Amino acid sequence: MENQRDEKEILYDWQEAKEILANLMPKLMDSQDAVAENIIDNPLPLEKEEEIKNIKFGEEPRDAQEVIDQMHDLLYNYVTKQNHPQFFSFIPLALSPVSVVGEVINSIHSPYGGSHILSEGVAIAQKWLINWMGENIGYPTKELGGLFVSGGSMANLTASVIARNEKLKDEEILKGTVYISDQTHSSVAKGFHIMGVPLKNIRKIETDELFRMKPDILREQMKKDKEEGYIPFLIVGTAGTTNTGSIDPLNELADIAEEFDAWLHIDGAYGATGVLSSYKYLYDGIERSDSVSWDGHKWLFQSYGCAAIICKDRLAMTRTFNANPEYLKDVAADDSKVNFWDIGIELTSPTRGMRLWYTLQRVGLKGMRSAIDTGFESAKYFEELFKGEEYFEIVSPAMLSCINVRYYNEKYSEEELNEINHKLSEMATKRNKAIYYTTQLRGKTVLRFCAIHPCLTKENIKEVVENIKKDIKELGLE
């Protein structure tokens, strides 16, 4: 019995946890501080995969340091360092140590994020943060609502469910049509599937030369659908597409949404952060939308799991997720004690916004604006350098922090050019100093650069371009 009691006590040995973290945290922070000096990609060898699978859960406790060493050497060691300043693929992490501090504090306190009364202080802080984000979008503060969710996928799903509830009767769901562009993120269509929109009711609208949704095509499609008995109820525009950083023509989308009484949601998971930058003018019209998704773990430099859905009308959120008429009256009068579980999908949830609250307080708006502006400036500098070279084609110009280019020489076929550009990406990955995967734009294989990291320098960018030129020479393409 004594051994059993001792083993159970390990579970709540706060003194041991304090000692472990006091020793471990400096090492962890040092490893992150040195991330730019190390390789980016570290694939897991097959023998290590088998070693991980063979780690058993035993009846007896193990030594803490032994487990921690195993986690470091076997698990966390074999990752792609998406927070490296020269990782340009997907939407990079660009993790800030300030966010880490905020998340550590929040994790240790571990407040309940679903209700107001169980975590009043952080609930009020998160509501003020949501209000501030909504104000920067341009929503009226007294009416807006929102909550923090795990990511853009959940934010887009939440917005889509609200749109369905607001614009369709139950018996109309199978007639409801939704509208996206050929550049809309896959999470949007995934959300439609989850909430029961038939595949045949999803309309994919073509984009222009800058990969922005074409409003005239959208209007004609919605008019046609309405004439055929469908109910156009949701338009999803994008403020910062993943591939190119394009911003759809927001004012024109808003005009069309009003014309057809449709909900306008803006997927700003990556790009909405730009409303805090010196380039806010690019987002004219976003204030006319009904909802916006906005990820903190993208261009706000937070750790993963920090995103928000912000709605112009918080009552729309409440009507969707809480059916109590008295509660609706309370929310209409005052949102200060709104329970997050009554305006979203989750009941139990962490207080995901507190790391961002801490970051904004610690860094200040001027510092954040400067960090965000760096992304715009880095993409422009990439474009400037590539334009000065003979064998590069700008497939999509610098938009937000993204630019897409490809090696081009008219003596090669399109198929050969696609293979060459794919090879250039492979050579960079093998070199492991900068990673830029390819994407497809209008049938062309292109090198995509998303340069959001504030620590990326012009010297880094020059080196990347010079290395591509060396790779071209090595392939004998000049």
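Buried here means under 20% relative accessible area, with exposed over 50% and partly exposed in between (1.4 Å probe, protein chains only). Ile343 comes in at 5% relative accessibility, so it counts as buried. This is a predicted model, where local features need pLDDT of at least 70, side-chain atom pairs count only at pLDDT 80 or more, and totals for chains, interfaces and linings use all residues. Residues are numbered from 1 along each chain as its sequence is written, and side-chain values use heavy atoms, leaving out hydrogens and water.

Ile343 sits in the loop between helix H12 (325–333) and H13; helices (H or I, at least four residues) and strands (E, at least two) are DSSP runs, numbered from the N terminus. Skipping neighbours within four places in sequence, its contacts (heavy atoms within 4.5 Å) are Gly146, Leu147, Met317, Thr318, Phe321 and Val338.

## Helix H6

H6 covers residues 120–137 and spans 26 Å from first C-alpha to last, close to the 26 Å expected (1.5 Å times one less than its number of residues). Its buried residues include Ala123, Leu129, Ile130 and Met133. The buried residues of H6 pack against strands S1 (145–149), S6 (291–295) and S7 (307–311), plus helix H13 (354–363). Just after H6, Gly138 has a positive phi of about 115 degrees.

## The four-stranded sheet

S8-S9-S11-S10 is the strand order in an open, antiparallel sheet, where two strands pair if DSSP finds at least two bridges between them. S8 (392–399) and S10 (438–441) are the edge strands, each pairing on one side only.

Four bridges join S10 to the antiparallel S11 (residues 444–450). Thr439 has Val446 in S11 as its bridge partner.
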